[in-house]
Amino acid sequence: MACIWAVVPFVNMIFFTKVPIASLMNEGEKGLTVKQLFHNKIFWVLMVMMICAGASEQAVSQWASTFAETGLGVSKTIGDLAGPMLFALLMGSARAFYGKYGEQIDLEHFMTGSCILCIIAYFCISLVPSPIVGFIGCALCGLSVGIMWPGVFSKAAAYVAKGGTAMFALLALAGDIGCSGGPTVVGMVSSVLDNNLKIGILSGVIFPVLLLTGMTDDENETKSQKYQTDKNFKFNDTLHTSRCTARENKTYLRYTFFIGAKFVCF
């Protein structure tokens with residue numbers, strides 16, 4: 001079985017070689033240094049948003065299998081398939097949808113709606129007594145978090161001029177901190193409250209709430225600092241690719257599949 005699943009990342013590795021990679025800077029330009037980034041208030045708001053994006057994803061994803069087992073009374077095998085797999089499928093679908101139709105959708109509105117849907121999903125999981133509704137909440141959470149991580153990258157590229165490689169590396173680090181911190185918070189709260197996983201997941205709702213708050217804060221901070229923004233910044237540009245053409249769209253969807261599939265394998 002492990003060898004069969006190993007085919008997925010191998011195929012995606014081949015797909016990834018076909019994705020065009022655009023340079024972050026024009027020839028002769030230099031990005032901001034780490035010191036300059038640390039003095040930028042917008043950068044710190046984006047760092048907090050990135051932590052919350054990663055935590056919002058994994059706080060439910062890491063516990064979805066256990067929740068399916070205990071809530072629905074199914075076996076571990078069924079729990080693994082019904083929990084993380086459905087979560088990953090819907091998360092990948094959200095990214096594929098925006099990757100395809102991102103030119104027609106305002107990123108700010110899409111992220112705001114996703115944050116609100118994520119909060120609703122957390123409440124469905126933790127407050128509604130029905131196991132079926134809780135399971136649907138897990139699936140909706142996967143759908144809602146799909147745009148969060150790449151969306152923050154898009155906002156960073158639009159708001160912080162010449163952020164460069166250092167900025168994206170630090171944002172990725174913040175995202176990884178959130179991915180480990182979110183499930184940890186849920187687990188710690190659950191263990192303190194007699195292994196009550198629902199209350200533990202309820203504590204994780206703070207992450208999408210903070211992300212939603214951060215979106216308002218970074219918009220206000222950007223206006224005050226007079227950064228030039230582009231509200232229709234494409235998700236495709238987040239992947240550091242050239243502008244999308246009809247022919248290249250297929251390539252972007254392959255890369256989107258690569259992102260979603262890694263969660264299925266995980």
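Okay, ground rules. Since the model is predicted, local features need pLDDT of at least 70 and side-chain atom pairs count only at pLDDT 80 or more, while totals for chains, interfaces and linings use all residues. Residues are numbered from 1 along each chain as its sequence is written, and side-chain values use heavy atoms, with hydrogens and water left out.

Let's start with the salt bridges. Side chains of opposite charge can pair when their charged atoms come close. Here a salt bridge is a side-chain nitrogen of Lys or Arg within 4 Å of a carboxyl oxygen of Asp or Glu. With that cut-off, the structure holds two.

One of them joins R95 to E57, with 3.1 Å between the closest N and O atoms. R95 sits in helix 5 and E57 in helix 3 (residues 41-61), so this pair ties together parts that are 38 residues apart in sequence. When I say helix, I mean a DSSP run of H or I with at least four residues, numbered from the N terminus. Are R95 and E57 buried or exposed? Both are buried. For the cut-offs: buried is under 20% relative accessible area, exposed is over 50%, and partly exposed is in between, with a 1.4 Å probe and protein chains only.

The salt bridge between E108 and K155 has its closest N and O atoms 2.9 Å apart. Again, distant parts of the chain get linked: E108 belongs to helix 6 (residues 107-127), K155 to helix 8 (residues 148-159), and the two are 47 residues apart. E108 is buried, and K155 is too.

On to the rings. A pair of aromatic rings is described by the distance of the centres and the angle of the planes. The rule here takes rings of Phe, Tyr and Trp (its six-membered ring) with centres within 6.5 Å; planes under 30 degrees apart are stacked, over 60 edge-to-face, and the rest tilted. Searching the whole structure turns up seven aromatic pairs. Take F38 and F43: their centres are 6.1 Å apart with 35 degrees between the planes, and that makes the pair tilted.

F97 counts as partly exposed at 40% relative accessibility, and Y101 counts as partly exposed at 36%. These two also belong to a cluster in which ring pairs link F97, Y98, Y101 and F110.

Which residues form the nonpolar patch? They are M1, I4, W5, I78, L81 and M85, with about 630 Å² of accessible area together. A patch takes residues with over 30% relative accessible area and no salt bridge; nonpolar side chains (Val, Leu, Ile, Met, Phe, Trp, Tyr) are joined within 5 Å, like charges within 9 Å. The areas come from Shrake-Rupley with a 1.4 Å probe, and for residues only the protein chains shown count as cover. Helix 1 (2-16) and helix 5 each supply at least two residues of the patch, and helix 5 gives the most, with three. I4 is in helix 1 and is exposed, at 59% relative accessible area.

D194 isn't a glycine, yet its phi is positive, about 60 degrees. N195 is likewise not a glycine and has a positive phi of about 55 degrees. D194 lies in the loop between helix 9 (164-192) and helix 10 (197-203), and N195 lies in the loop between helix 9 and helix 10. D194 is exposed at 69% relative accessible area, and N195 is exposed at 61%.

C115 is buried at 0% relative accessibility, and C118 is buried with a relative accessible area of 0%.
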